Structures are given as structure tokens and as C-alpha cells.
Amino acid sequence: MGRRLLFLGPPGAGKGTQAEMLARTLGVPHISTGAMLRDNVERGTELGMKAQAIMAAGDLVPDDLVVAMVKDRLGQDDAACGFLLDGFPRNVGQARALDEALGAGALELALLVEADEEELVARLLQRAIEEGREDDNEQTIRNRLQVYRDETEPLVGYYPDNGVIVVAVDGMGTVDEVFSRIVKALATN
Ligand code: AP5
Ligand code: MG
């Protein structure tokens with residue numbers, strides 16, 4: 001049985017960057033709801049059309065849509081032997097839906113990656129220049145940070161109350177430094 005992990009942390013903390021590296025190392029799929037939603041927007045699917053303006057504003061796409069998308073993804077063969085969730089769950093409602101879908105005790109551990117707010121904003125503004133992601137502008141970044149504090153950060157308390165340990169990893173420093181911390185944290189938890 002491979003590992004069943006999830007990444008928590010604010011926008012720009014490096015969840016996607018680290019999850020991709022870790023998924024390759026562990027041989028499990030990296031499941032990023034943000035990436036899946038952006039793919040739907042690009043392909044102009046019904047889901048993508050519903051999600052586009054919400055994502056551009058930095059708000060959360062409705063739970064029912066995201067939960068259905070994740071359940072479908074977790075039902076695919078490659079997720080049977082472990083997975084790495086990135087950007088989901090994003091609030092307590094989604095966490096409950098995931099618990100129901102997987103059954104109690106299925107999640108092993110959550111990695112909480114954090115960085116200073118100025119660093120988060122600087123990374124996302126830099127990505128705006130490099131990649132032009134629609135939600136990487138100052139106003140939307142501020143809203144994404146606020147949505148994180150209001151909706152997602154409560155999961156840092158929810159998971160330990162529900163039998164899943166949360167391991168905090170310092171997300172400051174280089175990509176490789178952060179990755180080493182994650183590998184070390186997983187070896188001891
Ligand atoms: P999502 O795609 O999940 O975006 P996010 O949480 O805002 O996070 P980011 O992807 O911006 O940050 P990250 O922590 O992954 O960092 P990354 O590695 O990319 O969600 C986007 C939107 O989709 C949401 O706002 C919402 O609308 C919707 N959505 C998604 N999931 C949802 C859900 N479950 N429910 C409802 N709605 C949902 O790194 C950021 C940048 O920094 C990159 O350029 C990277 O190269 C760079 N970087 C990374 N690490 C370092 C480092 N150590 N040093 C310097 N630069 C670094
Ligand atoms: Mg990401």
C-alpha cells in the first residue's frame with residue numbers, strides 16, 4: 001500500500017512544486033484540484049465554464065463540483081495504491097466529504113507547508129510574469145490569502161481532532177531545502 005497524503009498551506013507556499021517532486025519519489029499520483037480545474041477551463045468543459053470567473057476572483061469553486069471531480073479521480077486505477085492530494089480539501093465540508101468517500105483512517109498524514117506572507121506574494125507575482133496565471137495578480141492574491149485563512153486554515157485543527165496528524169514543514173528557502181525537510185518529516189512520521 002502506497003502512502004495517502006495531503007498538502008495543506010497557503011497559496012504560493014510550494015504545495016504544487018513539492019507535491020510533484022514527492023509524488024514522483026513515492027510513485028503515487030499527484031492530484032491537484034487547481035490543476036484539474038485549470039485544465040477544465042482551458043478545454044471549455046461545463047465544469048470549466050462554471051469555475052472560470054470564481055477562480056479568476058480567487059474564491060472557492062462550489063464544494064459539490066470539486067468533490068465530484070476528486071471522487072472521480074480517486075476512483076481511477078492509479079490512485080488505488082496511494083495518492084498525494086494538493087489543494088483539496090479546502091474547507092471542513094470538503095474534508096468531511098473526503099472522509100466519507102475514503103472511510104475512516106484512510107488518510108495517513110497532512111503536510112502543512114508555510115512561508116512568510118511577503119514571500120508568498122513575491123513568488124506569485126514572479127509567476128505572474130513567467131506564466132501569466134490569471135489569478136496571480138495582487139488583488140486576487142490578497143483574496144486567495146484571506147480565503148485560505150477563513151476556510152482552509154481551520155483544517156489544521158480539524159485533522160488532529162479526526163485522527164490525522166498534521167506535520168508542519170518550513171516552506172522558506174530553496175525548493176531543494178524544502179523538499180529535504182519534507183522527506184525527513186515523512187521518514188519520522
Ligand atoms: P490552486 O491551484 O490550488 O492554487 P493555490 O492554493 O492558490 O496555490 P498555488 O498553486 O498558487 O500555490 P502552491 O502552494 O501550489 O505553490 P507552487 O508550488 O505553485 O487553486 C487555484 C484556484 O482553484 C483556487 O483559488 C480556487 O478558485 C480553485 N480551487 C482549487 N482547489 C479547490 C478546491 N478544493 N475547492 C474549491 N476551489 C478550488 O509555487 C508558487 C510559485 O512559487 C511557483 O512559481 C513556484 O515555482 C515558486 N516556488 C515554489 N517553491 C519555491 C521556493 N522554495 N522558492 C522560490 N520559489 C518557489
Ligand atoms: Mg498549486
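1. Contacts of Val164. In this predicted model, Val164 touches Leu107, Glu108, Leu109, Ala110 and Tyr159, leaving out residues up to four places away in sequence. The residue sits in the loop between α8 (155-161) and β5 (165-170). Val164 and Leu109 are 55 residues apart along the chain, yet their C-alpha atoms are separated by 5.5 Å. Val164 has a relative accessible area of 6% and is buried, since the cut-off for that class is under 20%.

2. Helix α4, dimensions. Helix α4 runs over residues 63-74 and has 12 residues. From its first C-alpha to its last it reaches 16 Å, close to the 16 Å expected at 1.5 Å a residue.

3. Which residues of α4 are buried? They are Val66, Val67, Met69, Val70, Arg73 and Leu74. Viewed down the axis of α4, the buried residues fall within an arc of 160°, so they line one face of the helix. An α-helix has 3.6 residues a turn, so residues three or four places apart point the same way. The face turned away from the buried side carries the exposed residues Asp64 and Asp72. Note that Arg73 is listed with the buried residues of α4, whereas Asp72 is exposed.

4. Helix α4, cover. What covers the buried residues of α4? The cover includes two strands, β2 (30-32) and β3 (83-86). It also includes the helices α2 (33-43), α3 (46-57) and α5 (92-102).

5. A cis peptide bond. The bond from Phe88 to Pro89 is cis, with omega near -5°. Pro89 is placed in the loop between β3 and α5. Both of those elements are among the ones that cover the buried residues of α4.

6. Side chains of opposite charge can pair when their charged atoms come close. One of the pairs is Glu119 with Arg123, whose closest N and O atoms are 2.7 Å apart. Both residues lie in helix α6 (residues 117-131), 4 residues apart, about one turn of the helix. Glu119 is partly exposed at a relative accessible area of 27%, and Arg123 is partly exposed at 25%. Another pair is Glu138 with Arg142, with the closest N and O atoms 3.2 Å apart. These two residues lie in helix α7 (residues 138-152), 4 residues apart, again about one turn. Glu138 is partly exposed with a relative accessible area of 42%; Arg142 is partly exposed at 39%.

7. A salt-bridge network. Which residues are linked in a network of salt bridges? They are Arg127, Arg133, Asp135, Asp136 and Arg144. The side chains of Arg133 and Asp135 meet in a salt bridge of 2.8 Å, N to O. Asp135 is found in the loop between α6 and α7. Is Asp135 buried or exposed? Its relative accessible area is 10%, so Asp135 counts as buried. Not counting residues up to four places away in sequence, Asp135 touches Met55, Ala56, Thr140, Ile141 and Arg144.

8. Arg144. This residue is in helix α7 and counts as buried at 10% relative accessibility. Leaving aside neighbours within four places in sequence, Arg144 is in contact with Arg127, Arg133, Asp135 and Asp136, among others. These contacts of Arg144 are with residues that also belong to the salt-bridge network. Pro11, Gly58 and Leu124 are also in contact with Arg144.

9. Surroundings of ligand 1. How many residues surround ligand 1? There are 30, and the closest are Thr17, Thr33, Asp59, Arg127 and Arg144. Of these, Arg127 and Arg144 are also linked in the salt-bridge network.

10. Polar contacts of ligand 1. A polar side-chain atom of Arg127 lies 2.7 Å from an oxygen atom of ligand 1. An N or O atom in the side chain of Lys15 is 2.8 Å from an oxygen atom of the ligand. With Gly173 the contact is made by the backbone: a polar backbone atom of Gly173 is 2.9 Å from a nitrogen atom of ligand 1.

Definitions and conventions
Residues numbered from 1 in each chain as written. Chains lettered and ligands numbered in written order. Predicted model: local features only at pLDDT ≥ 70, side-chain atom pairs only at ≥ 80, totals over all residues. Heavy atoms only, no water. Expected span 1.5 Å × (residues − 1). Buried < 20%, exposed > 50% of the residue type's maximum accessible area, 1.4 Å probe, protein only. Arc of directions from axis to C-beta. Contact = heavy atoms within 4.5 Å. Salt bridge = Lys/Arg side-chain N within 4 Å of Asp/Glu carboxyl O. Near = heavy atom within 4 Å. Polar contact = N/O pair within 3.5 Å; in protein donor to acceptor, adjacent residues only side chain to side chain.
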